[in-house]
Amino acid sequence: MVTPTEQEHAKKAFGWAARDSSGVLSPFKFSRRETGERDVTFKVLYCGICHSDLHMVKNEWGFSTYPLVPGHEIVGVVTEVGSKVQKFSVGDKVGVGCMVGSCTTCDSCSNNLENYCPKMILTYGAKYIDGTTTYGGYSDTMVADEHFVVRIPDNLPLDGAAPLLCAGITTYSPLRYFGLDKPGMHVGVVGLGGLGHVAVKFAKAMGVKVTVISTSPTKKEEAIEHLHADSFLVSRDQDQMQAATGTMDGIIDTVSAFHSLLPLIGLLKSHGKLVMVGAPEKPLELPVFPLIMGRKIVAGSGIGGMKETQEMIDFAAKHNVTADIEVIPIDYLNTAMERLVKADVRYRFVIDIGNTLKPTS
């Protein structure tokens, strides 16, 4: 635990926090640790609002602790580095995603898969190795071990890059791991929200044929004209779904609401893979017979390790992949959360921390 003496030497920080599960956030003063020998400290300029921030603020997953400073799509500029930091210098553009620590010794950590470490430490709402609570990016400054910091290439705009640290790696990783990244393959993307629109962009950049699958016919023009998907299926239209049966090598399912998997499994070719990256609160039904008949796989995937996250950001820079965002001032935060509940955003809110978060706000 932090001693009073250590607390006196901690950095003053300011952000917005939830005090309880009501969903309301308000200004909050707290402390960050001093820059350790392997730490990178950076001024936060932008932070994306992820749907999981909303779940955590309202304690919908049951493990939130308060006060809670959300935010795990954090980008900014380095202001200080520890004496043993090797990868970063003052002035570098950097980011922190969903995790800030892991055990470093387990099989997952040894294979650059810190995201699957049993002792992985979340960027906010968790206990850090020193016993303190982790606070996220709805704040003016961030301190993190350099291993969990990503370099943002100069040609990527910081505001559009921020959501890639969660939504980007969440969709990039399964495309790579499950081999759905080969030119000419046909991949479906279920849901055209914060995760889905980035999945479309990455798959297209990999040379894959992409079909967007949505309950909303009104999203067809957006999917085809703006995001350059190759085709669009209305999942409630049985004729459309029937016509597409057995045509897809894989599907990335980004939907976090309860929905039927049977129609999606039907879209897969034999040996096809349905990968779940959304997190519905209630269990989904899994029909086994259609899996057996086509040797099909239903799998899950969660963010990615640090090596792959850096690879994803570099790929995004090379192929000009950024999230479609609505930049907001910090004072608009509670309204943005209300709109997020209604999916009224295209496609990711990003808070302009650098220009709008002031200790008096």
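This is a predicted model: local features need pLDDT of at least 70, side-chain atom pairs count only at pLDDT 80 or more; totals for chains, interfaces and linings use all residues.
Residues are numbered from 1 along each chain as its sequence is written, and side-chain values use heavy atoms, leaving out hydrogens and water.

**Stop 1: strand S8**

Select residues 141-145, which make up strand S8. Helices (H or I, at least four residues) and strands (E, at least two) are DSSP runs, numbered from the N terminus. Four of the five residues in S8 are buried; buried means under 20% relative accessible area, exposed means over 50%, and partly exposed is in between (1.4 Å probe, protein chains only).

Is Met 142 buried or exposed? Met 142 counts as buried because its relative accessibility is 1%. Leaving out residues up to four places away in sequence, Met 142 touches a list of residues including Val 40, Phe 42, Ile 74 and Tyr 135 (contact means heavy atoms within 4.5 Å).

**Stop 2: His 55**

Jump to helix H2, residues 51-57, and select His 55. With a relative accessible area of 8%, His 55 is buried. Show the side chains of His 55 and Glu 60, and you'll find a polar contact of 2.7 Å. That term means a pair of N or O atoms within 3.5 Å; within protein, one must be able to donate a hydrogen and the other to accept it, and residues adjacent in sequence count only if both atoms are side-chain atoms. Beyond its neighbours within four places in sequence, His 55 is in contact with Glu 60, Trp 61 and Glu 281.

**Stop 3**

Zoom in on Tyr 66 and Pro 67, which are joined by a cis peptide bond with omega about 0°. Another cis bond runs from Arg 346 to Tyr 347, with omega near -5°.

Then select Thr 104, whose phi is near 75°, a positive value in a residue other than glycine. Thr 104 is exposed, at 56% relative accessible area. His 271 has a positive phi too, near 70°, and sits in strand S14, residues 268-276.
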